[in-house]
Amino acid sequence: MPFILFGYQARYYALTTFSSIALTYSLFRMTEKSLWPKALFFLSGVLFFYSNYVVFAAFLSALLISYALLLILQKNLKDLKNCMVTVLGLGVLMVFFTLPWYLIMHPSSGQGQFVLPVLSPEYVITFLLLFYEAYFPFRLNNGLPLLFIVGYLVFLFWLYLKKKTRPEYIFIFFLPFLFLFFMTIFTIISEVITSFVHSRYTMSIFPFLILIVAVILMRLWQWSKWLGALVLVVYLTTNIFSLMTPRSFLWEFVGEVARPYHTPDKVEIGRAS
């Protein structure tokens, strides 16, 4: 629902969410002989950059590291090598379509000085507070409840004990939180006013958080259909799994989407009158 809401408002956040999905999908198809996964990766990467280049840098870094970890856990080093060589070539091509704009326009996010953090208690505390601030909107809007994170980690640990490690489940969990890690680091080292842990900059990982929720609900359904159905109903109608007030964000988002928004021309007419 947040994705639909941002798309309905015609804001750039929706494009970053689409681009993150397209980048991930095309990366998983990168070793195919067909050219269209490469074209999709290149196009979505360029669009992502022009939507928000800081978010693009954080997401692409998190995606490539997470995908490399996935292939290593699958012991598929041949595909890892071929994929990364292809991505490197596409990355060089992306530079030619993005760097001139950056050098000419001098966007505000690139005008600040960058200070490398020193490993100290102050920076550790700052990092933890900012990291939680980056996650908090998803806890608040029920995108990924706090108890679901605990449940997912318990599920991964159970798979490890059963020696049934599923690398794709690790990928789903590792990617969004590695992205939040990079966005937190960018906020710490940048001296510009912008805080990159604001919810509008982290919407690109919303689909992956929903996948975490889906895995939990699927496993509960397989274990007990009654329990799975109950947890689903409670998740959709309350926010208690985030240990917050039992309000339903589903109905609030439905109300927001259903509410008509004024187009720019109507806003100008209203101001003139």
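Leaving aside its neighbours within four places in sequence, which residues is Leu220 in contact with?

A: Once the neighbours within four places are set aside, Leu220 touches Lys225, Leu227, Gly228 and Val231 (a contact being heavy atoms within 4.5 Å). Before going on, a quick note on the ground rules: this is a predicted model, where local features need pLDDT of at least 70 and side-chain atom pairs count only at pLDDT 80 or more, while totals for chains, interfaces and linings use all residues. Residues are numbered from 1 along each chain as its sequence is written, and side-chain values use heavy atoms, with hydrogens and water left out.

Leu220 belongs to helix H9 (helices are DSSP runs of H or I with at least four residues, strands are E runs of at least two, and both are numbered from the N terminus). Leu220 and Leu230 are 10 residues apart along the chain, and their C-alpha atoms are separated by 9.8 Å.

Now zoom out to the helix pair. Helix H9 (residues 206-223) and helix H10 (residues 225-237) have axes that come within 5 Å and cross at roughly 145° (axes are lines fitted to C-alpha atoms, for helices over the stretch in contact, with angles from 0 to 180 degrees between N-to-C directions). On the H9 side, the contact is made by Ile210, Val213, Leu217, Leu220, Trp221 and Trp223. H10 brings Lys225, Leu227, Gly228, Ala229, Val231, Leu232 and Tyr235. Sorted by class, the contact of H9 with H10 has 11 nonpolar residues, 1 polar and 1 charged (Ala, Val, Leu, Ile, Met, Phe, Trp, Tyr, Cys and Pro are nonpolar, Asp, Glu, Lys and Arg charged, the others, Gly among them, polar).

Helix H3 (residues 36-51) and helix H4 (residues 53-73) pack with their axes 5 Å apart, at an angle of about 135°. That makes H3 oblique to H4 (under 35 degrees is roughly parallel, over 145 roughly antiparallel, 65 to 115 roughly perpendicular, the rest oblique). Phe41, Gly45, Phe48, Phe49 and Ser51 of H3 make this contact with Tyr53, Val55, Phe56, Phe59 and Leu60 of H4. The class count of H3 with H4 is 8 nonpolar, 2 polar and no charged residues.

Phe48, Phe49, Tyr50, Tyr53, Phe56, Phe59, Phe179 and Phe208 are linked by ring pairs into a cluster. Phe48 also meets Thr16, which, aside from neighbours within four places in sequence, is in contact with Phe48, Ser51 and Ser204. Thr16 lies in helix H2 and is buried, with a relative accessible area of 4% (buried is under 20%, exposed over 50%, partly exposed in between, using a 1.4 Å probe and protein chains only).

On the whole, the structure holds 21 aromatic pairs (rings of Phe, Tyr and Trp, its six-membered ring, pair if their centres lie within 6.5 Å; planes under 30 degrees apart are stacked, over 60 edge-to-face, the rest tilted). Take Phe28 and Phe171: their ring centres are 5.3 Å apart with planes at 75°, so this pair is edge-to-face. The pair links distant parts of the chain, with Phe28 in helix H2 (residues 12-28) and Phe171 in helix H8 (residues 167-189), 143 residues apart. Phe28 is partly exposed at 37% relative accessible area, whereas Phe171 is buried at 6%.

Phe148 and Phe241 are tilted instead, as their ring centres are 5.2 Å apart and their planes sit at 45°. Here too the pair links distant parts of the chain: Phe148 is in helix H7 (residues 146-161), Phe241 in the loop between H10 and helix H11 (249-258), 93 residues apart. Phe148 is buried, with a relative accessible area of 5%, and Phe241 is buried at 16%.

Helix H7 also holds Ile149, which is buried at 12%. Leaving out neighbours within four places, Ile149 is in contact with Tyr135, Leu144, Phe173 and Phe177.

As for the whole chain, there are 12 helices and 0 strands, and 41% of the 273 residues count as buried. Among contacts with a separation of 6 or more, 71% come from residues 24 or more positions apart. The chain averages a pLDDT of 80, with 76% of residues scoring at least 70 (pLDDT is the predictor's confidence in each residue, from 0 to 100).
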